[in-house]
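Hi,

Here is the structure I promised to pass on to you. Have a look at it first, and then read my notes below.

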Amino acid sequence: MTSTLSALATAVATEGGHGGGQAVAEATGVFDLTWLLIAFPLLGAAILLLGGRRTDKVGHLIGCGASIASFVMGVVLFAAMLGEPSDGRAFTSQLWEYVNAGGYTVDVSLLLDQLSISFVLLITGVGSLIHVYSIGYMEHDERRRRFFGYLNLFVAAMLLLVLAADYLVLFIGWEGVGLASYLLIGFWQHKNSAAVAAKKAFVVNRVGDMGMVLAMSSMVLVFGSTAFDVVFASAEGASTGWVTAIGLFLLLGACGKSAQFPLQSWLLDAMEGPTPVSALIHAATMVTAGVYLIVRSAAIYDLAPDARTAVVIVGAITLLMGAIIGCAKDDIKKALAGSTMSQIGYMTLAAGLGPAGYAFAIFHLLTHGFFKANMFLGAGSVMHGMHDEVNMRRYGGLRIAMPVTFITFAMGYLAIIGIPPFAGYFSKDKIIEAAFADNWITGLATLLGAGITAFYMTRLMLMTFFGNRRWKQSEPPHESPSVMTAPLWALAFLSVVGGFALLYFGAGIVDWLAPVTGEEHHELPMPLWLLITITLATVVAGVAVAWLMYGRRAVREDVPAGSPLTVAARNDLYGDAFNEAVFMRPGQYLTRSLVYFENRGVDGAVVGTATAFGGLSSRLRRLQTGFVRSYAVTMLGGVGVVVLAMLVVRLP
Amino acid sequence: MTFPWLTTLIALPALGAVLTALVPSGRGTLAKQVATGAALVTLVIGALISIQFLFDVDMGVEAETYEWIPEFGASWALDVNGISLALVALTVLATPIVALAMWHEAEDEKRDPKAFFALLLAVEALTLTAFLAQDVLLFYVVFEAMLIPLYFMIGMYGGPQRRYAAVKFLLYNLVGGLAMLAAVIGLYVQSIDAGDPSFFLPDLVALDIDTTTQWWLFLGFMLAFAIKAPLWPFHTWLPDAAAEATPANAAFLSGVADKVGTYGMIALVLPLFPDASRDAAPVIVVLAVVSIIYGALLAIGQTDMKRLIGYTSISHFGFIVLGIFALTGQAATGATFYMVNHGLSTIALFVVVGFLVSRRGSRQVDDFGGVQKPAPKLAGVFLFAGLSGLALPPLSTFLSEFLVISGTFLRYRPAAIVATLGIVLSALYILWLYQRTMTGPVRPAVEGMPDLRTREVAVVAPLIALLVVVGFFPKPLTDAIDEAVGPTLVEVGVEEPEPLAPVAEHVEEGTGR
């Protein structure tokens, strides 16, 4: 039944001409084992979190094993998909019926297609590397087993998010990664700052969740279902108003999870978590879930140009905001976090361009997963050698002391600023092209962003690895153990070749994703070589300015006063100040006055009325248990009245 | 004649109450054992009854009717459907858990625990009767009678202000009860006018009552249920009762006993007074939304943990009432499911707070801090209970909250949108509470705080397991509820909204069939 419906649905989608739908087949053979992807890490989490101290010694191995098993499964499924025809690579497997209430039915079923397998490989591949790295990074933490339990929980939830075939099931994964993120940001709970940051991340995400819940409610209202197949097939039958509303609600959800303006404020604080967490959750995977959501909902956005415009605007604002914030931070992790915001802004913007940009959004998402995880782990390696120092003004000249970290980090650096042939060059350049093909303003925003990126990344590079040594510790910082450097090498390798390989290997990622996202090509307003030249010139300019400020001149150890813009950027462009002034303070005031009103007003009025009607308050004050006797009498009297009344009305 | 399952279900805890009361004083442990044993036997019978509804196995459970006061057409009439089954299951599950949680709390002031345990079983019997009664007079009598044991349970065991809280609880509910009494009589008069005097619910539902009369009767019943539930602005007794009663007692009160109010709304008010319910629905929806937001904001502002949990219940009861009066199948099923889940979740919260209070001797949030360090398991179950309170998927509370919101969205969009604010506020009150009590530097006073004990694990483990299992596999229960909700809404005479863009037609067009 489900399969026929989805087959019909996709038939309609294809004929309808939007977001290139492909036939979704019922999973058989190895595809029927898709659930194992989620089961491995879920089982790992259960063992580690319920097993108690008994699993302390082998906890990290179980955790890594679960993640790697899932990765192997992902590779097997990917290979199997390659054996299928290019328009027949979508498989759905129903696990169990979840609910049926008032005609609204939800099945727990998984959808494995070109888009979801791309995420599966990113999540489990980069995830496994980060698991391995964490063995070394968390070695001296007595709660390491629990850390791995949370990591496995995260991987399971994230896989559910990208494999779900129904928005409600997706939302279960969505909240699951939110929980894992909460637990891991606050992993060092004894630190107040970590606990506060964790709570902030969860609460801000819940604001986005309002959007998710309203989007799903709208789908129930409009389509009677939240299943992908039904929603996508019926989208054309819905009014533009509703499709736009759903698109905007989904965007709100995406803004929460992906730290996009105006819900960006939690991501910088989330750096309180251990660095592998920042790499996995707050750079490579979870924060990109919003982009996944938008691309997955292509059938909705294709019909809602206004919602797409909103997506582009949000992406453009965030990409510039994040980049500007990244320029002013002295904390290496926060600089990278600003960069993450900015890069996700690129992806969001690309997703907002519709079929012309969906594939590039995912492309950049994947390469960003490689090079940003690489750099976060590199930053973790630096911190590991520097006794958890994060202030770049106390780094300097580390390329000699930590050569592996330096070289691998440099690969990530060259990738993110977009130097050919490193990974980021291909993916970012595609987005800039698509943005210019759409309109000049979007194009200029992405171009400007590329320049600023080059500036802040060069600044970070110079402050950390070059220049005079500003660290005070007596023995020189040591290079990290090989359990940590091996993942760095792997990610550095991907940062170098990932972009070229994804774009040109086989038919390339654009064709790979086309059956899911559709494909469109818009003409550039200028020759391609000119745009590439301009882009590279901008990048070089950004590098040059950074070198003039931080390479040629010695880096100061104290914090200079800085221009108003620098100060604003240091304060996250006053996002927190705004939230505090507009939401927190009035909220506190409201809560306090309500508590006052409740205790004096509502309660007082009731007690006062009681006083007025027969001095009940004096009895209240005496509080005799004798009152119950009179109550019992009242009740008996009441029953007596019933009996009497019934007799009276029956008598005649 | 088949086995009288339902009467047995009620008789067991009633008998248990008597047996517990007969235990010689001074032998507190024996009394506790007798009571817990009776609660467990009741649980077994309740589970057997549930099998029939959840898994379609015929256990021979059917309606039972025995003569009571034939002169008035009043009878001992019991029946069970999906809605009542859900609440019966909650009640029989909660009672042994509460008994176990109360094991030491009842002895705090060297009081004989016997009375509490006997009264607990008495309330269980009365609550079960209320959920199963098919006779309005029977329902009224147990609805009122329930107050007496609850009054003593609050007034005899609990905090320093317990007597004040008990009297307040009683006064409020008394007012509601009197209004309902008048309405019960009025309803009976209607049946006389129709020529067939009866208190039998199906007879009364079949009556054709004119709208004005319906309104008056509706108000009588609704006032009683709105106070019981409690709905804003009739709620102020609950925070006091929640704060002053022992944690286990507060858990039973807001987790189980108060559900009689929301049960009355969906099982009595809607089918008995369909016109008035339809007309009044917008007003009730507004009150429900106010409850959701008001309760959540007040919870954020509390400094007393038990009061805080009490206010979260007001917010959650708002969701339940919203779902009932949205008058869509989805919302009503969600609301009934919510009653069960809120029961499990709020019991877990109260009980865990009880563990904390018994260790530290204080209910104040500020007296705690950094508890996760000395007592990580305790902090873990506290967080878990909290997450169920903020309706985190896949815990069962999530699905019910979503069904209520999305079901309400079908009919009352602004109300549903405002209600979604509740999902932000609930995260705020729970996680802020967790942050202040469990994280940060360890306060000197909580250093060396012992972690969970075996009995405490036995109390929370079943709750956690149920929240998870029902969360993953809700369908047997929601199907049973949905089956009973359908006919109820047919009685009210509302049409289910159709999807705006129905897929079937579209697929037909698109494929040219």
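Between chain A and chain B there is one salt bridge (a side-chain nitrogen of Lys or Arg within 4 Å of a carboxyl oxygen of Asp or Glu). B:K475 makes this salt bridge with A:E97, and their closest N and O atoms are 3.1 Å apart. Please keep in mind that this is a predicted model, where local features need pLDDT of at least 70 and side-chain atom pairs count only at pLDDT 80 or more, while totals for chains, interfaces and linings use all residues. Residues are numbered from 1 along each chain as its sequence is written, chains are lettered from A in the order in which they are written, and side-chain values use heavy atoms, with hydrogens and water left out.

Now for the strands of chain A. β2(A) (residues 90–101) is joined to β3(A) (residues 104–112) by nine bridges, and the two run antiparallel; DSSP must find at least two bridges for strands to pair. Here A:T92 stands opposite A:L111. In the hairpin of β2(A) and β3(A), two residues lie between the strands, and A:G102 takes a positive phi near 55°. β1(A) (residues 24–26) runs parallel to β2(A), with three bridges joining them, and A:A25 stands opposite A:F91.

Enjoy exploring!

Note on methods
Helix = DSSP H or I, 4+ residues; strand = E, 2+ residues; numbered from the N terminus.
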